[in-house]
Amino acid sequence: MSITHHPSEATLFAHAAGGLPGALEAVVATHLCFCAACRAAVRVADGAGGALLEALAPAPLAEGALDAVLARLDQAPPAPALAPAPPAGVPWPRPLARLAHGRWRWLGPGMRAMRLGPPAARGGSLAMLRIAPGRAMPVHGHGGLELVCVLAGSFADESGTYRPGDVSEHDEEDRHQPVAGREADCICLSGTDAALRLSGLARLLQPLLGL
Amino acid sequence: MVEESRTAADPGGLAAQGGELAALLGRVAAARDRAAFAALFGHFAPRLKSYFQRLGAAPAQAEDLAQETMLALWHKAALFDPARAGVNTWVFTIARNLRIDALRRDRFLLDPDGIPEELAAPGVAGDERMAVMQSEDRVRAALASLPEEQALVVRLSFFKEKPHQEIGRELGIPLGTVKSRLRLAMARLRAALGEAQ
Ligand SMILES: [Zn+2]
């Protein structure tokens with residue numbers, strides 16, 4: 001599978017730094033499952049993080065810190081949280097395994113959406129979208145950064161055709177009109193950091209997301 | 001802004017010896033060696049505390065997170081693969097993921113281990129390890145040689161929990177300029193590592 005649309009380097013750096021809001025991080029992590037090229041870029045950015053950590057001036061620790069940690073080495077590590085079952089019939093990338101999800105909700109003709117993650121979260125809004133073949137989504141602009149990763153089917157807009165694994169990245173300046181490919185439903189994961197500035201897709205999703 | 005890093009907390013200057021750090025970590029993994037762990041603690045814990053404080057944690061919280069990171073290092077030591085990442089980079093990613101889980105208020109529970117890692121070719125050993133250690137040195141050198149305007153946006157990306165828009169606002173440059181500087185920085189870092197574009 002060849003990936004032709006990637007997140008920007010700025011977004012990959014923000015991912016490596018741990019600075020992306022959760023909804024955007026979910027989309028980037030999903031893309032990384034598809035894209036070896038971006039995994040390589042992230043390794044480079046992680047390396048920069050390692051070098052910056054090493055160069056930091058050490059901050060003195062409290063007295064007895066080492067002993068406190070040594071005393072805890074034999075305790076078992078905390079068990080990972082149990083993952084909810086993913087919905088049937090939807091591609092469910094592994095980084096999303098621990099996320100809570102809602103049910104498919106009707107959003108408009110030929111459009112359904114499923115909320116992922118906590119409701120009305122500070123980390124933006126994240127949703128799985130399912131768009132019928134050939135269906136145009138309304139033209140929308142953005143209140144912030146929006147990342148969409150295709151999981152099945154395809155969509156196209158002014159900037160090209162997006163197939164599984166491809167990511168479209170739009171910031172507040174852009175307006176675009178995606179149209180789902182005719183071959184099948186387009187299923188994509190859409191994240192935006194604009195939960196508090198309702199506009200564009202977030203406004204469409206407003207009733208669904210309970211914002 | 002490479003800060004002074006050889007201090008009393010790190011008398012041996014382990015930072016300069018990626019091989020030494022990897023050997024200590026190897027002893028932690030293979031033999032549950034507490035003395036090796038203590039040496040790694042002496043090197044990393046003060047830097048980790050500094051890292052968490054840089055990102056807005058209060059001193060007590062930064063101290064807790066540094067300790068948690070070192071505990072995670074102890075538990076995950078067997079997962080460290082020197083053919084994949086240098087020790088500094090590996091510890092950085094543990095700290096970053098812990099910080100996301102602990103400090104993030106948005107409650108998006110993502111699973112960073114869900115992203116596949118490249119498998120090292122079977123049988124790769126010494127040479128590959130050397131290459132990775134050298135690559136950590138090369139990243140450090142490449143970072144130091146970035147034009148200051150690029151190095152600055154890279155540092156701000158890692159040490160300010162701020163969207164790039166706000167970094168641009170703070171520096172008085174448009175978002176597009178922040179993004180293009182990061183694009184150039186990534187290209188230089190990749191070139192320094194001999195990675196194809
Ligand atoms: Zn990619």
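User: Contact means having heavy atoms within 4.5 Å. Going by that, how many residues of chain B are in contact with chain A?

Analyst: Keep in mind that this is a predicted model. On the chain A side, 71 residues take part in the contact. Facing them from chain B, the count of residues is 70.

User: Which residue of chain A meets Glu68(B) in a salt bridge?

Analyst: Between chain B and chain A the count is five salt bridges. In one of them, the side chain of Glu68(B) sits 2.8 Å, N to O, from its partner. The partner is Arg72(A).

User: Let's zoom in on chain A. What share of its residues is buried?

Analyst: Chain A has five helices and 11 strands, and its accessible surface comes to about 8600 Å². A residue counts as buried when its relative accessible area is under 20%. Out of the 211 residues in chain A, the buried share is 56%.

User: How far apart are the end C-alpha atoms of helix 2 of chain A?

Analyst: Helix 2 covers residues 22–34, which makes 13 residues. At 1.5 Å a residue it should span 18 Å. The distance in the model agrees with that, at 19 Å.

User: Is helix 2 mostly covered or mostly open, and which strands of chain A do its buried residues pack against?

Analyst: Helix 2 of chain A is mostly covered, with 11 of its 13 residues buried. Among the buried ones are Gly22(A), Val27(A) and His31(A). They pack against helix 1 and helix 3 of chain A. They also pack against four strands: strand 3, strand 5, strand 8 and strand 11.

User: Why is strand 5 of chain A called largely enclosed?

Analyst: Strand 5 takes in residues 146–152 of chain A. It's largely enclosed by the rest of the structure because the number of its seven residues that are buried is six.

Technical notes: Residues numbered from 1 in each chain as written. Chains lettered and ligands numbered in written order. Predicted model: local features only at pLDDT ≥ 70, side-chain atom pairs only at ≥ 80, totals over all residues. Heavy atoms only, no water. Buried < 20%, exposed > 50% of the residue type's maximum accessible area, 1.4 Å probe, protein only. Helix = DSSP H or I, 4+ residues; strand = E, 2+ residues; numbered from the N terminus. Areas by Shrake-Rupley, 256 points an atom, 1.4 Å probe, with all protein chains shown as cover. Expected span 1.5 Å × (residues − 1). Salt bridge = Lys/Arg side-chain N within 4 Å of Asp/Glu carboxyl O.
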